[in-house]
4 protein chains.
Amino acid sequence: MKKLKYGQVGGGVGAFIGPVHRAAVSLTGKAELVAGCFSSDHERNIESAKKLGIDPSRVYRTFEEMAEKEAKREDKIDFVSIVVPNYLHFEVAKSFLENGINVVCDKPLTLEIKDAFELVNLVKSTNLEFMVTYTYIGYSMIKKAKEIIKSGEIGKVKFVVAEYPQEWLLNKRTIGEGTSWRLKKEYMGVSSSVGDIGAHIESLVSFLTDLKVKRILAKLSCFIHPEKLDDNAFIILEYDSGAVGNYWTSQIASGNKNALKLRIYGTEGSIEWEQEKPNRLILNKIGEPTKILFRGRETSSKLINSNLTLPMGHPEGFVEAFANLYSSFIEVLLNKKLGKPHPEKNFPDVLDGARGVTFVHTCVESSQRGSIWIDFPKID
Amino acid sequence: MKKLKYGQVGGGVGAFIGPVHRAAVSLTGKAELVAGCFSSDHERNIESAKKLGIDPSRVYRTFEEMAEKEAKREDKIDFVSIVVPNYLHFEVAKSFLENGINVVCDKPLTLEIKDAFELVNLVKSTNLEFMVTYTYIGYSMIKKAKEIIKSGEIGKVKFVVAEYPQEWLLNKRTIGEGTSWRLKKEYMGVSSSVGDIGAHIESLVSFLTDLKVKRILAKLSCFIHPEKLDDNAFIILEYDSGAVGNYWTSQIASGNKNALKLRIYGTEGSIEWEQEKPNRLILNKIGEPTKILFRGRETSSKLINSNLTLPMGHPEGFVEAFANLYSSFIEVLLNKKLGKPHPEKNFPDVLDGARGVTFVHTCVESSQRGSIWIDFPKID
Amino acid sequence: MKKLKYGQVGGGVGAFIGPVHRAAVSLTGKAELVAGCFSSDHERNIESAKKLGIDPSRVYRTFEEMAEKEAKREDKIDFVSIVVPNYLHFEVAKSFLENGINVVCDKPLTLEIKDAFELVNLVKSTNLEFMVTYTYIGYSMIKKAKEIIKSGEIGKVKFVVAEYPQEWLLNKRTIGEGTSWRLKKEYMGVSSSVGDIGAHIESLVSFLTDLKVKRILAKLSCFIHPEKLDDNAFIILEYDSGAVGNYWTSQIASGNKNALKLRIYGTEGSIEWEQEKPNRLILNKIGEPTKILFRGRETSSKLINSNLTLPMGHPEGFVEAFANLYSSFIEVLLNKKLGKPHPEKNFPDVLDGARGVTFVHTCVESSQRGSIWIDFPKID
Amino acid sequence: MKKLKYGQVGGGVGAFIGPVHRAAVSLTGKAELVAGCFSSDHERNIESAKKLGIDPSRVYRTFEEMAEKEAKREDKIDFVSIVVPNYLHFEVAKSFLENGINVVCDKPLTLEIKDAFELVNLVKSTNLEFMVTYTYIGYSMIKKAKEIIKSGEIGKVKFVVAEYPQEWLLNKRTIGEGTSWRLKKEYMGVSSSVGDIGAHIESLVSFLTDLKVKRILAKLSCFIHPEKLDDNAFIILEYDSGAVGNYWTSQIASGNKNALKLRIYGTEGSIEWEQEKPNRLILNKIGEPTKILFRGRETSSKLINSNLTLPMGHPEGFVEAFANLYSSFIEVLLNKKLGKPHPEKNFPDVLDGARGVTFVHTCVESSQRGSIWIDFPKID
């Protein structure tokens, strides 16, 4: 069982998410980094490659060059990990797909809806594999929550209350070089808080409940964002089933570090999960005491398919969530190579990515038009 | 310093809130119960009066009789405590005001807006004192939170996120005789969850921040309420200052007992408080560690004016909150008797009550008209 | 059903625990204060009595006078509530017992072991009722915990870990006039932290588990106590059953307000309770998720016999715990008056008090002799 | 900057801690696994090596063979990671030291005191580097806590309360093949709970406070351990400075997964940290509100020297703690190679390991001799 080979676009010295992707792949033990174009600044690219021990012959000046040249190698990369700023996701992903290379792309998939669906079509026509790294879907307790909801333990889902407040934008001191592009409209697209973090809520609720959004009503506000993008948003949703939802995102909510929290209420009980306490799940059922479930105690190992399974009470964190995603993705590639049937898909794919982009645009449109209901298109 | 005398309408054997009012007055040590009409069922009325040690001559068959006869006594009650079902608040309160007796009335003030303002006018014209028992305003840490916000420590308030989920309606077994009237439309008026608990949020946010509501947009849902009143509501608000708010109420949110939670975000920090952990306040300020403030430790006793001041770590609860309200109200009456100037008003009055009724109706109207913005009238 | 009458010794203006006792009796609705000797300083005595509305003819200069004169009245008090400094408990309690009056006495029962057993014998010979107010035994969730342990749900108890850290002594500013006597050796006896708060642990563990202490080993320390009494203590215990325990008390543990916490471990599960979150109980059983039980949700009302039963999520606090104790005590007196059989005793009595005093002395002796094991006498 | 090379002894298929060590090294990005003897069962050894992609020429049948042969290679490993059962630590570590290879050894260092000091002497005489992986010392917030204590913010440390309860031994179903050796006396030595988890407490307290243990008194119990080793222990300590400590370890405390908790109390404040909430630190100072410090928010990156620095609110867990240790160790090796001065040592070394072994034996001796004080030797 040989390791797969992968390359990375973006993620040079000083970046935040690139190293997380690499650490996550390391944790799976299933793939190794062999090629890259780590920065558009070639010196930084070279420096990063050196630190990562990449063979100079596989360090590329542009992502186009990388896609083309790798595609021609016999020992070409099995997939590329795209960790460039958001506005470049589309072009880079498109380039690798067109060169026949599987893609892992950081979220959001693209800035524009039409670009997202161009990638959807490209994936369909090429039959390649594509993962969008909605990180939090990788947490073991999210898998457990999905199992519980699917089993009917909490009955039929009737309403969802989800929030994702952060404070970093309020505190100017926390805006370092590595994150300053997050403030640029040209890099972030039409939305800041909904685009950057609201999309995580949408992907998680969709993954956990299979609810289909029917229409959306949103009130986006800009209190301090330098480019007048939303830094706070209140969103109300109706789903096809008649269930309703309330999402809140903020980048200026003092005291909140990365406080994603999901509460899903059914006719028989509820599920609650917090990203900053990821090893824990709260389960309530009518007429029973509140139950706290812990990773490694109330979960079996089949939920987690990274190489690493820590016993209960030994906290898994953000990188493990990423590793679980990568592990699922790599398993699919390995099975494909061996001609084996796919295991059940366990990661967000290009369609999930496109739905996320649509979600962001729909929220923005509703808010701009006075917080009216906007119908959400069917995506499948 | 003699104790004041008071009477009660409602609160007979088996009721929930009546005994809480009486216990609260006991805790203040400032007034004693001497008269009452505890039930429209006269046998239950008599039985209740006996248990409470009320002189039979001051046990009345109807509230009208009580208001009239008490008004004529030389040793008449100083105030009446009204704890009848909501739909009777208006008539009973009106009757006592018209007979020149100060009123404490459980919330909501009335079911209809016009009734509420009739009471407002009656209070103005009679110059009587009127308290609406929005309980949670009585908690010491709510007073502390108000002080902090007023001092400017968290800057200018920009958004408010408040929630009040309960589960009791989901669990049919928890609906006893004492609460079954809560399910009747004729007793509850146009709304269930917004009317019963949403009004608490409105009163608290108003008390803490002095924000004036400008317009409201709401999505009320009825999932299981037997009379098709709302059992879940998502509400978005704009305030005059440009700040925005998001309130959530639910009576069918499994796992939530009485989980009122307030988060108020300013330009320099934030305040967070939970009713089920009432002795605690979370304070965040930009660039500083999260701080936890505790009643009796980070509060001085001047915030609390009930007779009872427990040291830190000795939990005060729901009854103490009530007692603090009553204590403030009684202080005003005592000062009035002595011709002394009023201390700063520290309890919700008839205007607060009328604003609450307006809030409930505005939410219902918005939801019925498709979750559109409804302007909120100026109330002062 | 007429209210009982009671008197109080101690508890004058400015005191902490006296008003708590009175508020607790008020909450029960079952007795009224009619007599007292509130302070040895007669002016303060008079002033306190006036504020409390006591008839001047029943305000006494000394407790001896009060005991004697009340005993001779036809409408004499049914019981006395003793809230004087600890060193006076013995004399005052003895005096009332000798005059045939039932006693409620704040803890500790006495400072000396022989005095404690003199009271035990006096109670036996007079057949009077005697309650020592180990407050925390009054909490509803402590009753629930006792039920669970008794039912065998957590198996056979094997070890107990209990702690009661406070910080007040560390912070000189928190030592007001009302508490300064707590620093005096002549008032507090041989121990500070074990005597004042360790005794609570002993009473709770005994109430919950029925474990009998076999021998004790203790390491008391004095870091800042002005009279060189212990301000921190580590205690190891063996019980008759072979179970073991570890108790920790501190009055100088920064950050701890009144952080009593009990953890009781059995062969099949465990129970955990914290005084600052008194409405909650944590239950673990082998192979099951952690369960959180809440007052009013996982308890039936029969556990609580005060007059006031708040629904779930409406926090009960310190005063309610006291009220539950008083309510149980008064029920016993009422039944006795009516010649009815006693309901199951549900409060700490004079024997519990004597065992507590013995516990404190045993800890001190062990520590003074170099932390050696000291056998604990059988007490029953 | 080339990666270092390392080998591993133990850690074959199905093991718990071996893969954690490997994942941790991966996360540092600073070393790669090139050799190993993963199991004494050679088939399992081969299978493990294959999965890890080790060149067959560097897969060894015995650790002695590995130590000798690696020592002779030009491209020999820079260090060995020893993750065999505890009873083999000594021999394996000795063998590699004698062959001139730096060692990382899982804790405990050895089972016997004399063996531990033989390794101490060997390290001194060879001038090799030696790390004992007391994992928890690697957590960022432990480094932060050390900084705070060192700065004097909480004053002079006066007492320490530490606990490490687990439940796994109570629940027979949690004892899989991978952990069954933990129940064997021949593998675990003289102690189970103190040896396996108590030693972590000792190392952490020592790291954080620099307190030197003066004497120890312990009460070890065996309730269900199949080989009659302690499964619960209460330990009281005196330190040279006059400070005192109380440690509790248990492997049968229902509800506790891996609930290591440290509380350190000084004359001016206190520090509290819990392993299951590792990103958080609680700081109390006299007269100030309780403060909660978070990794990434109240810490600078210099505290963490692994390659991966996650922003606040993105939880780091157990593997990151390990990675931080390895990163510190590898930095020392790299500097040594380059002839650069050592950065400040930031990991537990052989002396820390020897002190830990001594601690375990001292606790056992005290308990066996009736819980008497046993003097603790000076170790430095």
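By what turn and what shift along the axis can chain C be laid on chain B?

1. Chain C is laid on chain B by a turn of 180° and a shift of 0.1 Å along the axis, with an RMSD of 0.0 Å. The superposition is by least squares on the C-alpha atoms of residues with pLDDT of at least 70 in both copies. The two copies are thus related as by a two-fold rotation axis. In chain C, the C-alpha nearest this axis belongs to Gly317(C), at 2.5 Å.

2. A word on the basis of this note: the model is predicted, local features need pLDDT of at least 70, side-chain atom pairs count only at pLDDT 80 or more, and totals for chains, interfaces and linings use all residues. Residues are numbered from 1 along each chain as its sequence is written, while chains are lettered from A and ligands numbered from 1 in the order in which they are written.

3. Between chains C and B, 29 residues of chain C are in contact with 29 residues of chain B; contact means that the C-beta atoms, placed from the backbone, lie within 7 Å. On the side of chain C, helix H1 (17–28) and helix H10 (318–337) are the elements that give two or more residues. Helices (H or I, at least four residues) and strands (E, at least two) are DSSP runs, numbered from the N terminus. H1(C) has the largest share, four residues. By class, this side of chain C has 15 nonpolar, seven polar and seven charged residues. Here Ala, Val, Leu, Ile, Met, Phe, Trp, Tyr, Cys and Pro count as nonpolar, Asp, Glu, Lys and Arg as charged, and the others, Gly among them, as polar. The copies meet through the same surface, because 100% of the interface residues of chain C are also interface residues in chain B.

4. The contact of chain D with chain A takes 30 residues from each chain. On the side of chain D, H1 (17–28) and H10 (318–337) each supply at least two residues, and H1(D) gives the most, five.

5. Chain A is divided into domain 1 (4–128) and domain 2 (139–303 + 355–375), with bounds from an automatic or database domain assignment. Their centres, taken over C-alpha atoms, are 27 Å apart. Domain 1 of chain A brings 13 residues to the contact and domain 2 of chain A brings 15.

6. Chain A has an open sheet of five strands in the order S2-S1-S3-S4-S5, with parallel pairing; strands pair if DSSP finds at least two bridges between them. S2 (31–37) and S5 (130–133) of chain A stand at the edges with a single partner strand each, so one side of each has no neighbour in the sheet. S4 (102–106) of chain A is joined to S5(A) by four bridges, and Val104(A) stands opposite Met131(A) in S5(A). Helix H4 (89–98) of chain A lies across S1, S3 and S4 of chain A, at about 170° to S4(A).

7. In chain B, the axes of helix H6 (140–151) and helix H9 (193–209) come within 8 Å and cross at roughly 45°. Axes are lines fitted to C-alpha atoms, for helices over the stretch in contact, and angles run from 0 to 180 degrees between N-to-C directions. H6(B) and H9(B) are therefore oblique to each other (under 35 degrees counts as roughly parallel, over 145 as roughly antiparallel, 65 to 115 as roughly perpendicular and the rest as oblique). Among the residues that make the contact are Ile142(B) of H6(B) and Phe207(B) of H9(B).

Note on methods:
Two residues are in contact if their C-beta atoms, placed from the backbone, lie within 7 Å.
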